[in-house]
Amino acid sequence: MAWLHTWGGLMACWALFAIFLTGTICLFEGPITQWMKPERTERMIGHDGDYSSGRAVAFAQNELAKVARGAHYWTIGLPNEDDPDVRLYWLDNGRREGLRLDPVNGARIPPGADRQTEGGYHFITFHHEFHSGVVGSWIVGFLAMAMLTALVSGIIIHKRIFKDFFTFRPSKGQRSWLDAHNVAGVLTLPFQVMIAYTGLTLVYSLYMPAAILANYPSKDAYSADLLQKPAHREESGIAAPVMPLDRLLPVGEARLKQEISLIHVEHPGDSMASAFVYGPEPSALKQLAPGRGLIHFDAVSGATLDVRLPEKPRGGVAQLTQEVLSALHEATFGGIIIKWLYFVAGLTGTVMIGSGAILFEVKRRQRALGEFGGATQRVYRLIEILNITAITGLAIACIGYLWANRLIEADVAGRTDMEVRAFFMLWILGLAHAAARPRRKAWLEQLAGMSLLCLLLPVLNAVTTGDHVIAQIRRGDWRNAGVELVAIAFGLAAIGVIRIIRAKKTLSQSELRPARMQVVK
């Protein structure tokens, strides 16, 4: 078990560190996205005029009839606290297109007035699939199993698990790294097990498809049976106009007893078109299991085909259990308090993984065992490089992603991909730097770079947008202010680590001098 924990943990630790760090960051995907769209913030501050959801839907339908005739689907997102605009999306020849409208007068929002960016969703995509689609999801699933294995084997080999919960000895070299790894692991052990296990249940149909494929012709048929909803309506090929969608709003609000937040139309222009009217996301403080209201209409006649009332999930106990596990993983309950608790626990888990990688490096460097024969030193040098790249290199890439958002012109074509490429390019540069510099200097220099980027992020924002953290706090904009304040906190933490590393070097030199003098005597 010790061998399994050590070597299995090492092989997975670098990718797991990236998964945990980006998963922790994406807890605040909404505020990050808002910060990365400063033009949207300006519109939210200066928004005025009479807003009517029915009129906004009518504007949206008229626009979609012009630009998306014959599209596979239409989606209309109505304004909410995160977004002041009406969002239009459609699928045309396999490509997802979109534009935005002013909710008061229906005018198009120019592309430059709302910069294209993945925002905080970049961290979600990386966390779930490494930006690699289904292949990435399989890799993340394998790593989640590896983490569960490491956690269970770690519990088995940890003889003093309760005593070590209260034990931390700083400035003790290898002993300090072991204490940090143990305390961080024991402190958040239930959280780590829960996150790894529930992460697997999110996409159970991908990892365990056999039962579905053996009993249903498709996953859509399985979903329809499980959730007790009408079967998917196929296109008839007979043209028919979509009814005025604004007429569905009062019907939907009366049945769901909620305001409508989203309308989705499948096969617009076909006689078998369907319209799905959604209520808002469920209140985070009400219950753990999600339960968004939904009404399924015939988009031509307006007839009601299905009603799913809010907070009454379908599919029986098994589906309810899966939804509870999903909510546990994504922290979609309990409001802002739970998000911050998850954030702290996520950072602690990240520290556990990182300290375990560094502990392996420190321990093996002090007592070379020659496991790899003549290549042993090269292997341990590679481990040092990967540790630096995975920890400080990734941190620089994450904060550099926010810098790219401000430095790339707002109206340049393809800027979304440019921001994501900047993230990966910075990470690759971190790898090259770690390989080119001595170990200690590489740690110090990358920590210094991370600190500089974090501490100067508010300055960059003030220079490029004219907004700053003090103004954000004054107007009560804690979402934008929170992004910059957390960046400052990480910058100060990096400075603290730099001081510890330098102090350790000074201490080691002072301890060596008497010993050398004694040898001379």
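Helices (H or I, at least four residues) and strands (E, at least two) are DSSP runs, numbered from the N terminus. The model is predicted: local features need pLDDT of at least 70 and side-chain atom pairs count only at pLDDT 80 or more, while totals for chains, interfaces and linings use all residues. Residues are numbered from 1 along each chain as its sequence is written, and side-chain values use heavy atoms, with hydrogens and water left out.

Helix α13 covers residues 316-330; at 1.5 Å a residue its 15 residues should span 21 Å, which agrees with the 21 Å between its end C-alpha atoms. The expected span of a helix is 1.5 Å times one less than its number of residues. Buried residues of α13 include Gln 319, Glu 323 and His 329. Here buried means under 20% relative accessible area, exposed over 50%, and partly exposed in between (1.4 Å probe, protein chains only).

## Positive phi in loops

His 131 has a phi near 60 degrees, a positive value in a residue other than glycine. His 131 sits in the loop between α5 (121-129) and α6 and is partly exposed, with a relative accessible area of 26%.

Lys 257 also has a positive phi, near 55 degrees, and is likewise a residue other than glycine. The loop between α12 (248-256) and β4 (262-266) holds Lys 257, which counts as exposed at 71% relative accessibility.

## Arg 87 in strand β2

Arg 87 belongs to strand β2 (residues 86-92) and counts as buried at 12% relative accessibility. A polar atom of the Arg 87 side chain lies 2.7 Å from the backbone oxygen of Leu 78. Leaving aside neighbours within four places in sequence, the residues in contact with Arg 87 (heavy atoms within 4.5 Å) include Thr 75, Leu 78, Asn 80 and Arg 100.

## Salt bridges

The structure holds nine salt bridges, each defined by a side-chain nitrogen of Lys or Arg within 4 Å of a carboxyl oxygen of Asp or Glu. One of them pairs Arg 108 with Glu 63, with the closest N and O atoms 2.6 Å apart. Arg 108 lies in the loop between β3 (95-101) and α5, and Glu 63 in helix α4 (residues 53-67), so the pair ties together parts that are 45 residues apart in sequence. Arg 108 is partly exposed at 48% relative accessible area, whereas Glu 63 is buried at 10%.

A salt bridge also joins Arg 437 and Glu 445, with the closest N and O atoms 2.6 Å apart. Arg 475 and Asp 477 meet through their side chains at 3.1 Å, N to O. Salt bridges that share partners join Asp 467, Arg 475 and Asp 477 into one network.

## Nonpolar surface patch

Met 1, Trp 3, Leu 4, Val 152, Ile 156 and Ile 157 make a nonpolar surface patch of about 620 Å². The elements giving two or more residues to this patch are α1 (2-25) and α6 (133-157), and α6 supplies the largest share, three residues. Patches are made of residues with over 30% relative accessible area and no salt bridge; like charges are joined within 9 Å and nonpolar side chains (Val, Leu, Ile, Met, Phe, Trp, Tyr) within 5 Å. Ile 156, found in helix α6, counts as exposed at 52% relative accessibility.

Conventions
Areas by Shrake-Rupley, 256 points an atom, 1.4 Å probe, with all protein chains shown as cover. Polar contact = N/O pair within 3.5 Å; in protein donor to acceptor, adjacent residues only side chain to side chain.
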